[in-house]
Amino acid sequence: MNPLSDGPKAEAITVVLVEDDAPTLWRLQDALAKAGYQVRAAGTLTEARACLAQGAPKVLLTDLQLPDGHGVDLIRETRQRFPETEIMVISILGDEESVISAITVGATGYLLKDAFPTDIAATVRDLVAGHSPISASIARFIVRRTQNTPEPPPGPALNTAKLTPREIDILWGIAKGFSYAEIASHLGLSRQTVPGHIKSIYRKLEVHTRGEAVFEAVQQGLIKL
Amino acid sequence: MNDHGDDAQPDLPGRERRRLQTSRLVQYLLLQALIVAACIFALRQSLPEPPGEYQVTAFRLSESGAERAVTLPYFSSLRHAMNDPPRFAGQFIRPASEAARAWSVFLPRFTNGVEVTVNGVVILDSRRDPAANRPDRNTAQIAVIPASVLHDGANDVSIKLFIWGPITGFLDRIWVGPDELLRPSYNLRTLIFVTLPVVFSSWQAILAVILGIMWVMRRHEPAYGVLAAAMAVGVGQAFLQTPMGETPFSRLNVILISSAPIESGLVLTFALLFSGWKWQRYGWIIFIPGVLLALAGLFGSQAMVRALFLYLAVPMVGLSLLIIAVVTARSMLKRRNVASLLLGCAVTIMLTCWVVDLLSVFQMMPNRIFTARLSYSAMLVAIGAGLTWRFARALNEVDGFASRLVTQVREAEEKLKASFAREEERARAAALARERTRLMRDLHDGLGGQLVSIVALSERGNGSAPIGDAARAALKDLRLVIDSMDDIGGDLMLALGSWRERAMAQLRPHDIALDWRAVTPQGLPVHPELRPWHVIQIVRLLDEAVTNAVKHANARRITVRIETLAGADGLDRGCITVEDDGTGFEIAPDGAAAGAIKAARGLRNMRSRAARCGAELELSSCAQGTDQGTRVRLTLPHRFPDSDGAAG
């Protein structure tokens, strides 16, 4: 969200882009290609899986409503197969309804479909650099879930139990529109540690089912079938 | 107390409490000592007497055949002398000048009965007056000597003293003189020793009825029943007459005889129950003397009963008084209530009088006036006062309880209202959230996707950039509406957080920096009454300010300051300032921009939005100098209005 100034062109960074609306797909592809990314575009879930079969991309950008399935499934699969891949949701409104469900399966933030090309490139660049962007509205949604209310607010399920008080404080700061530097100075942190905390928040919000744990164990060779 | 207090450790509550108890006990005992002193002082006052010149004290006493000179007052050692009573013979002088006035014989005090003879004529037999036959009543007697019997010079007067127990005989000094001089003294004694007891007995009867009713209505408080019984016995004792001789009703005498120990036993029981003692089976011990005396009266002779009275009834009364004194003192120290204090004081008075009576029975006092029975009235007054006090206190408690109940009911009502309002608020928030979710899905699937397509298509075509901008603006507005509908718990900062992101996205293509400064750490105050429509108005107002800076001011930097200001009225108000370093413009006196019509309309819009939220909008602009630029300062209300009635 805080774009860095124009940095060096990313060389041979592969991005898998999944978007069913053709004009949108084109403009996103244009923006990324102009920024030097190697883009593999897909319009459906099947095409996306085919793209992924070619090898692990550095970045996966995917829409959620696809003609032959849901982007959440794609994110979950990718997360399991390629843990190193950074995943981001392409959203029309940046609404928490869709974004949070994507976060719980392993996505990191979202990209607005009407974002300016420079912003698109900057966002992906930050993501590749290891920064995990988080929007104020998503932070707000998460912190409101950490507050004790008699009944959970509507919207997707979210388990915030693992978040530490410090992480929650950081989320409050983001929700209220403070920059990382401001948050860091308020909380007595170093500015550089804030993105790490945010990444940790994303990981803690991810849901690990039993099946996923087994799958991961198999992938890492801990269990032999 | 002082030497006690010096080494007492104040941090020991037990010590402290004991010290306090001791101090209270000493205070109480001092008060009782004062009462005893006052009683003795009052008892030492002798009643007014007729002139001394008419007093006759020198008599010749014939007793069991022997004759000797005595001086009144005379204490006889006999306990029973009916058939051969001691006879006192004396003389008095009636001057010739007094022949025209009526003369009387006045006997202020005697036990038990007298027969007065003047010049051989019997003029008075006290045994025919029932009141005079009660040795406890101190009844005085007066008799007018018929003129025919009297003669000038020396006249003989002789008195037969009848004694029938239980105490020994006594004859006080007598007066023989003009009736008009003797009668006031007699009247006073009758008032004090005959009329007053009747009045008190009536009061006792009333108390008996009141207490009886109280006991009937409140069966769980047997103390009142016991006291009612005591009062009833007392009334019976006062109005029953002592029959002389063995009449068919003489057996009723037992009631009279045994009433004193029974009454004192009942009063003792009351005092014990009143002080919190639970009735025990061995409590019947209290009534043994009275019952024994009653049985003796029913089956024995009167003489035996009278003898027993002295050994059973009198000590029983004294013992009861002693126990009551101790019990009330303890109760007073423990509960510190007025009723116990009154009762304790009354018991002290009675006890003092009882001791004085005992001394006079044993002839250790110069006279024989019994005051114990009379002092019982003090107890009756104390009981009446105690009852009234308790009744008044109970009424106060009822009042207090009622008002407390009213308060509690009101509080409960308010709580209920509040919880109802909270529940309503929660339901409203939940409905809003559901509606927002539904709307979001709709917009996401429909309008949102189409607008995004327009943006994408416009970028491909040439010269259709305005269309793309319009579509982007529409998307931005859509996000604003959806964002504002979110439940932010009254924290406007949460809405401003999203707004900052959108504003930054808007400013980035124009290379305008957004400087975000939260001057006060908490930012803005929390407004529980904040509604989505307030948020939309404020955010749109801020959007307008930013858009003006982008489109008209040619600004390079926009500064947003967020702070909480303490108002002059002590209420905190949030304040948001949007400042740019652009070209600025002239502001017409009416507050509208003097320049472009479009900008003027924008400013009017901003004013109208601020007014709807009850906020104050302050615009200042400067075309030149270091302060160049436009400043929009929005001061939020302390409380947001419920409806946008302030629209203008």
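**Exercise 1. In which loop of chain B is D511(B) found, and is D511(B) buried or exposed?**

Start with the ground rules. This is a predicted model, where local features need pLDDT of at least 70, side-chain atom pairs count only at pLDDT 80 or more, and totals for chains, interfaces and linings use all residues. Residues are numbered from 1 along each chain as its sequence is written, while chains are lettered from A and ligands numbered from 1 in the order in which they are written.

Step 1: find the loop. D511(B) is in the one between α11 (492-507) and β14 (513-518) of chain B. Helices (H or I, at least four residues) and strands (E, at least two) are DSSP runs, numbered from the N terminus.

Step 2: count neighbours. A residue is buried if 20 or more other C-beta atoms lie within 10 Å of its own, exposed if 12 or fewer, and partly exposed in between, with C-beta atoms placed from the backbone. D511(B) has 7 other C-beta atoms within 10 Å, so it is exposed.

Step 3: check the backbone. Phi of D511(B) is near 55°, a positive value in a residue other than glycine.

**Exercise 2. Work out the strand order of the open sheet in chain B, and say which strands stand at its edges.**

Step 1: the order of the four strands is β1-β13-β6-β10, with antiparallel pairing. Two strands pair if DSSP finds at least two bridges between them.

Step 2: β1 (55-56) and β10 (141-145) of chain B each have a single partner strand, so they stand at the edges, and one side of each is left without a neighbour in the sheet.

Step 3: zoom in on one pair. Strand β6 (residues 103-107) of chain B runs antiparallel to β10(B) over five bridges, and L107(B) stands opposite Q141(B).

**Exercise 3. Find what I167(B) touches.**

Step 1: look in the loop between β11 (153-162) and β12 (170-171) of chain B.

Step 2: I167(B) is buried, having 22 other C-beta atoms within 10 Å.

Step 3: leaving out residues up to four places away in sequence, it touches T111(B), P135(B) and V361(B). Two residues are in contact if their C-beta atoms, placed from the backbone, lie within 7 Å.

Step 4: T111(B) brings in a cis bond, as the peptide bond from T111(B) to N112(B) is cis, with omega near 0°.

**Exercise 4. Describe the side of chain A that touches chain B, then say where chain A has its lowest confidence.**

Step 1: 28 residues of chain A are in contact with 35 residues of chain B.

Step 2: the largest share of that side of chain A, four residues, comes from α1(A).

Step 3: sort by type, and that side gives twelve nonpolar (Ala, Val, Leu, Ile, Met, Phe, Trp, Tyr, Cys and Pro), nine charged (Asp, Glu, Lys and Arg) and seven polar residues (the others, Gly among them).

Step 4: look at pLDDT, the predictor's confidence in each residue, from 0 to 100. Chain A has a mean of 80, but helix α10 (residues 210-219) of chain A has the lowest, at a mean of 51. Where pLDDT is low, the predicted coordinates should not be read in detail.
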